[in-house]
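Please keep the structure in view while reading.

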Amino acid sequence: IAAMQPSTNWHLKENARDHHTNKFSSKELIVRRGQAFIVTFNGTEQPEQNLTFIAETGPKPSKLAKTQATFGISSTASKETWSAVLQSTSSNSVSISISSPPNAVIGRYKLSVQSTSSGSSSPASLGTFVLLFNPWSSGDDVFMPNKAECEEYVLEEFGIIFAGNKNHINSFGWNFGQFQGDILNICLSMLDRSLNYRQDPATDVSHRNDPKYLGRVLSAMVNANDDQGVLLGNWSGNYEGGKSPSSWTGSGEILQNWKKSGFKPVRYGQCWVFAAVLTTVLRCLGIPTRTITNFSSAHDADRNLRVDEFYDASGNHLDRTADSIWNFHVWNESWFSRSDLGPSYSGWQVLDATPQEESGGIYQCGPASRNAIKEGDVDLDYDCPFVFAEVNADCMYWNYDPATGKKTLIFSKSTIIGQFISTKAVGRDDRVDVTNDYKYEEGSTKERDIFKKARKKLGLEDKFDPTAPTPQEIDQKPDISGNFKVAGPLEVGKDLNLILVLANLQPDAKTIRVNMTAWSTVYTRRPVHGIWKDSISVTLSPKEEKQFPIKIPYTEYQQQLTTDNMIQVTALCHVEGGIQVLVQRDITLDNPAIDIQVLGEAKVNKEVDVEVIFTNPIDTEVTDCVLQVEGNDLLRGILEIDVPPLKASEKSSTKFKLIPFETGPKHLLVNFSCDKFADIKTFKMVNVID
């Protein structure tokens, strides 16, 4: 056998079809664990009974670490170990069905064959194959009984991510592209670049049978902190030296750039980019995964299940604590069982690759069982207190005087955090609300009981907290109420019209000094540029309600806006003889619309024209217009088209050609930018026929 190098037929087509790996375009066999695959080879002169196979992975394959298996031919496949069953033989070739156990280590394997009868001959290599997780197999930790969910959470390459704020949810398409080009190899090399692998390669590889382990390791690898991972985060509002986080439309470009640069972190990411890339990597490896958006998401830096926000007397939002409330935050859920915690904690697990707080000394987060979060079991692995706070923390709003360092509670709220928790529907482009899977109904006694249980488990109930407000402060009642109403369109390019409504709740007249500010922010509500300020004095007669119109012209905010198109408006009301009242609203402005038309039928290997139409809605010229287009199976790579400047109110039409190369429903993603508008996104489903 050693003298002759056998030639191997991996039956790529049949195996890929049976293993749900036919979307990969690889010349290498890619199969899933716990399931048989066929291989035929020739060059063996021996009777089949004398053949021994060796499957091994990692730098130091060993039987003990389950990174090496040696097995002969048996009459039936084994459920627990690697096994080989003879399919057929001819004069010079053998077909074998090889099965791996459902808990095998995933990754790239080397397969060799050795003849036992001739004694000392060395094994002959049959080549390499890649083994992945298998959500279709009931013995696998990632087994997902619902086939439609397997299709969506493992095989679907297009996703929709929700953003904006709780008053105004918007969404955009994303190309996960987990089966494209070299993505699988990049995902495998990501594992080999982790801190765990660098410290102890053999042990790291032996843990790669466990989705809990890989999920946690990859949540660290997708951010650049600690390990030169994929993406460098930037929340400053200034993205020089890289691409602004909102300009990406898919994970492929990011992962390819990371590899091409010699694995230097790609600039820049924010939460949805980290989450989208982690979705790509986990789906690629076969772990069912989706993105989740949490609106009014708490970042509780000091583990007290409370988020403190500070405002000065003029109503400016001060950046003086690590705590914050983000307009939205995007993380991941992956589906697998939790043998470490018990069956009631299996199912969806929260993973978060955005570098917010260290866990075990590095920026990683999860897996936190979603059931554990809902039940307040914050003492369970991993990072449950942080995730629990993201959806449940109480909010305290304080007035802070920088001169004296004195802080006064304005008000506290326990129902603001964790709203409209959203994900894409299975098989449809709709939003599904999963808030009830994270917590019991806000305001219900059950929800408060769970909150108390979590506080108790974290040791917060018995401990005196000098930073907490007194019961007297919490119980104080304001004399007036206020809110901002929207009066007009919320669109970039149009003036922002709001109404401040103030109502006197008392039977006697009140005099109020109102200090108002508007700041542009990033989506984490970090103030970036002051846009506008004003103050008014108001007298309200008993029980009177008054309205004060506010207008912030486009010309005033246009220069200050971040790519998130977000503005925070605040009114701090100093009521004579009473407590202060804070009125605030986060505004997300919509970009103007952009439209895609496919002109004619899309057929495989036939040219089809696509037209993108954009009308400049403002009364000044827009320049530096660029159109970016991507879509799996519709075009290779990313198409960039420079669009000529557009005069005021001018309509532009940009045409380009596609030659689709696969049938079925495909998604075309478009991103348009110019000097006045950042990253106007849309997508179009294109049904490609034969």
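S10 makes the greatest contribution to the lining of the largest cavity, supplying three residues. The model is a predicted one, and it contains two cavities of 30 Å³ or more.

**Cavities**

- At least two lining residues of the largest cavity come from each of helix H2 (147-155), strand S10 (158-165), strand S14 (289-299) and strand S22 (419-424), and by class the lining comprises five nonpolar, three polar and four charged residues.
- The second largest cavity holds about 40 Å³ of space, and the residues around it are Ile373, Lys374, Phe388, Asn392, Tyr438, Lys439, Tyr440, Glu447, Ile450 and Phe451.
- Helix H9 (370-375), helix H10 (384-392) and helix H12 (445-457) are the elements that each give two or more residues to the lining of the second largest cavity, with H12 providing the largest share at three residues.
- Sorted by class, the lining of the second largest cavity contains six nonpolar residues, one polar residue and three charged residues.

- The largest pocket has about 1,200 Å³ of space and is lined by 42 residues, among which Glu157, Gly177, Gln180, Asn632 and Asp633 lie nearest its centre.
- H2, helix H7 (251-260) and strand S37 (664-673) are the elements that contribute two or more residues to the lining of the largest pocket, which is made up of eleven nonpolar, 16 polar and 15 charged residues.
- Strand S17 (324-336), strand S21 (406-413), helix H13 (471-475), strand S24 (480-486) and S30 each give at least two residues to the lining of the second largest pocket, and S30 gives the most, with six residues.
- The lining of the second largest pocket divides by class into 15 nonpolar, eleven polar and eight charged residues.

**A four-stranded sheet**

- An open sheet is formed by four strands in the order S27-S26-S29-S30, with antiparallel pairing, and its edge strands, each pairing on one side only, are strand S27 (527-540) and strand S30 (581-588).
- On average, neighbouring strands of this sheet are turned by 15 degrees against each other when direction is ignored.
- Within the sheet, strand S26 (residues 510-521) and strand S29 (residues 566-575) run antiparallel and are joined by ten bridges; Ala518 has Val569 in S29 as its bridge partner.

**Salt bridges**

- The whole structure contains 35 salt bridges, one of which brings together the side chains of Arg216 and Asp383 at 2.9 Å, N to O.
- Because Arg216 belongs to helix H6 (residues 211-221) and Asp383 to the loop between H9 and H10, this pair ties together parts that are 167 residues apart in sequence.

**Annotated span**

- According to an unreviewed UniProt entry, residues 263-355 carry the annotation "domain: Transglutaminase-like".
- In the model, residues 263-355 are 16% helix and 44% strand, and the end C-alpha atoms of the span lie 18 Å apart.

How values were computed
Residues numbered from 1 in each chain as written. Predicted model: local features only at pLDDT ≥ 70, side-chain atom pairs only at ≥ 80, totals over all residues. Heavy atoms only, no water. 1 Å grid on protein atoms, 1.4 Å probe; cavity = no way out; pocket = protein on both sides within 12 Å on 5 of 7 lines; lining within 4 Å. Points joined across faces, edges and corners; volume = space filled by probe spheres on them. Nonpolar A, V, L, I, M, F, W, Y, C, P; charged D, E, K, R; others polar. UniProt positions renumbered as here; feature names shortened; annotations may be inferred. Pairing = 2+ DSSP bridges. Axes fitted to C-alpha atoms, helices over the stretch in contact; angles between N-to-C directions. Salt bridge = Lys/Arg side-chain N within 4 Å of Asp/Glu carboxyl O.
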